[in-house]
Amino acid sequence: MIQLQVISGKQAGTISVARRFPFRVGRSAAADLRLEDAGVWDQHALLELKRPEGVWIQVHENALATLNGRRLQCSWLRPGDLLEMGAVKLRISLSETRQQSLKGREFLTWLFLILLCLGQVALIYWLKP
């Protein structure tokens, strides 16, 4: 997942995680990340997940945005990038991952190994003359 940390603007300090794509950034109520700062358009930018390459950002044709100080129309996003839209600065990073618990699988594996060993011992006693 992609994490957008608002560095400057009215919502400075907030973090938004893009879990579903396309992810819309703008002033509109339909935007996934709603920014009401000066210079931000209703539909300012759109983030899309394009596998296996990564996350692609497309800026509205009349909107102004910069990525790492360079004017941006469309580009790939990478962790550490600084995205500026109007009066807002966003830091791009990867969000924390959640590890699934493997306790159930580990328990079943150990149970299988114990039953296998007990089965072998039983087979040895059964075949013993």
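Modeller: Begin with one residue, and keep in mind that this is a predicted model. F112 has a relative accessible area of 54%, so it counts as exposed, the cut-off being over 50%.

Colleague: Where is F112 found?

Modeller: F112 lies in helix 1, which covers residues 103–127. It also belongs to a nonpolar surface patch of about 1,000 Å², together with residues including F107, W110, L111 and I114.

Colleague: What is the general idea about nonpolar side chains?

Modeller: In soluble globular proteins, they tend to be buried together. Here, the largest nonpolar core has 24 residues, and V25, L35, L47, L83 and L90 touch the most other members. Several strands each supply at least two residues of this core, among them strand 1 (2–8), strand 3 (23–26) and strand 11 (88–94).

Colleague: Which residues is V25 in contact with, leaving aside its neighbours within four places in sequence?

Modeller: They are A31, L33, L35, Q43, H44, A45, L47 and M85.

Colleague: How do side chains sit in a regular strand?

Modeller: They alternate between the two faces of the sheet. In strand 2 (residues 15–18), S16 and A18 form the covered face, while I15 and V17 form the uncovered one.

Colleague: In what sense do strand 1 and strand 2 pair, parallel or antiparallel?

Modeller: Their pairing is antiparallel, over four bridges, and Q5 stands opposite I15 of strand 2. The hairpin of these two strands has six residues between them, and in this hairpin G9 takes a positive phi near 120°.

Technical notes
Residues are numbered from 1 along each chain as its sequence is written. This is a predicted model: local features need pLDDT of at least 70, side-chain atom pairs count only at pLDDT 80 or more; totals for chains, interfaces and linings use all residues. Side-chain values use heavy atoms; hydrogens and water are left out. A nonpolar core is a set of buried Ala, Val, Leu, Ile, Met, Phe, Trp, Tyr and Cys residues joined through side-chain atoms within 4.5 Å. Buried means under 20% relative accessible area, exposed over 50%, partly exposed in between (1.4 Å probe, protein chains only). Contact means heavy atoms within 4.5 Å. Patches are made of residues with over 30% relative accessible area and no salt bridge: like charges are joined within 9 Å, nonpolar side chains (Val, Leu, Ile, Met, Phe, Trp, Tyr) within 5 Å. Accessible areas come from the Shrake-Rupley method with a 1.4 Å probe; for residues, only the protein chains shown count as cover. A salt bridge is a side-chain nitrogen of Lys or Arg within 4 Å of a carboxyl oxygen of Asp or Glu. Two strands pair if DSSP finds at least two bridges between them.
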